[in-house]
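Please read it alongside the displayed coordinates.

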Amino acid sequence: MSLPKTEKIWHNGKFINWDDATIHVLSHVVSYGSAVFEGLRCYETAQGSAIFRLREHMQRLINSAHIYRMDVPFSLDELCQASLDLVRTNKLSACYIRPIVLRGYGDVGVNPQKNPIEVYFACWEWGKYLGEEALRAGVDVCISSWNRPAPNTLPQMAKAAANYMNSQLIRMEATINGYEEGIALDKNGHVSEGSGENVFVVLNGAVSTPPLGNSALPGITRDSIMKLCHDLDIPVAEQVIPREMLYIADEVFFCGTAAEVTPIRSVDRVKVGAGARGPITKRIQEEFFAITSGKKPDRHGWLSPVGVPSAVVR
């Protein structure tokens, strides 16, 4: 299925036509994966369209670029405003937003510092990442034979394009073997994350997720889920998770911008709990969607209305 086109893409501060958003084949990013990016959702709420945790996503984009010595030529406020303007310009009520900071055409050597920095923001309509039914029934996943990169190899706190070559291997292996998704372990054999999602485990009424030291991305949705657990008086903590804990857990679920909150019903064909969405996952999921739909108050200030005046970014 091809990507649904929208009218405009934001490039270096200006709007261009979708089909004009092209790069040269010898751009540094093509040979070396020298890009960082983000993924955000704009939700259609009862109060109008709003982007979820816009400022936090843009700050992570800046952080990712900084790790790779990429100077983003726009401020945090300007990046936030670009996101709002993009959705408004394309007249979308709900969509996925993809900001990309890449190294463009210039030197072809490994050292990227002579190459120009290009910034693109695109958006399009995109449904549920693992399928609408997955939100209710859950998905079947496997433990991947591919580990997440060890510390001091590729920085996992950066949401970098090169990291997703590893994610592609995880996802392809899972798909070929009949699973919806794979879970990667870190270099020590502890649970890290999915190919594009953070992982949460529920055991004896408490929720846990791997710490960032287990090569997990500092997910914005991950942080949101932990805050929601506090709101709901559900014990939650970062904890090193052995592989076998996934098999004996009462519940396991993915979270992320694309996956949102997706239950896991089996791991390696071993049924998790009752083999369906569990009660704690359901509570968290319902709370998450109640806030993102505007049915419950935005008590944490997570939603940035698309229709606000340009001077306001939150």
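**Helix 6**

In helix 6, the buried residues are Ile 220, Thr 221, Arg 222, Ser 224, Ile 225, Met 226, Leu 228 and Cys 229. The structure is a predicted model.

- The 12 residues of helix 6 should span 16 Å at 1.5 Å a residue, and the end C-alpha atoms lie 17 Å apart, which agrees.

**Nonpolar cores**

- The largest nonpolar core contains 28 residues, of which Ile 51, Met 58, Val 87, Ile 97 and Phe 121 touch the most other members.
- At least two residues of this core come from each of strand 4 (40-45), helix 2 (54-67), helix 3 (76-89), strand 6 (95-103) and strand 7 (117-124).
- Helix 3 makes the greatest contribution to this core, with 7 residues.
- Leaving aside residues up to four places away in sequence, Phe 121 touches Ile 9, Trp 10, Met 58, Leu 79, Ala 82, Ser 83, Leu 86, Arg 98 and Pro 99.
- Another core, of 22 residues, lies apart from the largest one, and its members include Phe 200, Met 226, Phe 253 and Phe 288.
- Met 226 belongs to this other core and is also one of the buried residues of helix 6.

**Largest pocket**

- The largest pocket holds about 620 Å³ of space.
- Its lining comprises 34 residues, and those closest to the centre are Phe 37, Lys 159, Tyr 164, Ser 195 and Gly 196.
- Helix 2, strand 6, helix 5 (163-176), strand 10 (191-194), helix 6 (220-231) and strand 14 (251-256) each contribute at least two lining residues.
- Helix 5 provides the largest share of this lining, 5 residues.
- By class, the lining of the largest pocket has 12 nonpolar, 14 polar and 8 charged residues.

**Second largest pocket**

- The volume of the second largest pocket is about 320 Å³.
- Among the 17 residues that line the second largest pocket, Ile 23, Arg 98, Ile 100, Leu 102 and Tyr 120 are the closest to its centre.
- Strand 3 (35-37), strand 6 and strand 7 are the elements that give two or more residues to this lining.
- Strand 7 supplies the largest share, 4 residues.
- The lining of the second largest pocket has 14 nonpolar, 2 polar and 1 charged residues.
- Arg 98, one of the residues closest to the centre of this pocket, is also among the contacts of Phe 121.

Note on methods. Residues numbered from 1 in each chain as written. Predicted model: local features only at pLDDT ≥ 70, side-chain atom pairs only at ≥ 80, totals over all residues. Heavy atoms only, no water. Core = buried A, V, L, I, M, F, W, Y, C linked by side-chain atoms within 4.5 Å. Buried < 20%, exposed > 50% of the residue type's maximum accessible area, 1.4 Å probe, protein only. Contact = heavy atoms within 4.5 Å. 1 Å grid on protein atoms, 1.4 Å probe; cavity = no way out; pocket = protein on both sides within 12 Å on 5 of 7 lines; lining within 4 Å. Points joined across faces, edges and corners; volume = space filled by probe spheres on them. Nonpolar A, V, L, I, M, F, W, Y, C, P; charged D, E, K, R; others polar. Expected span 1.5 Å × (residues − 1).
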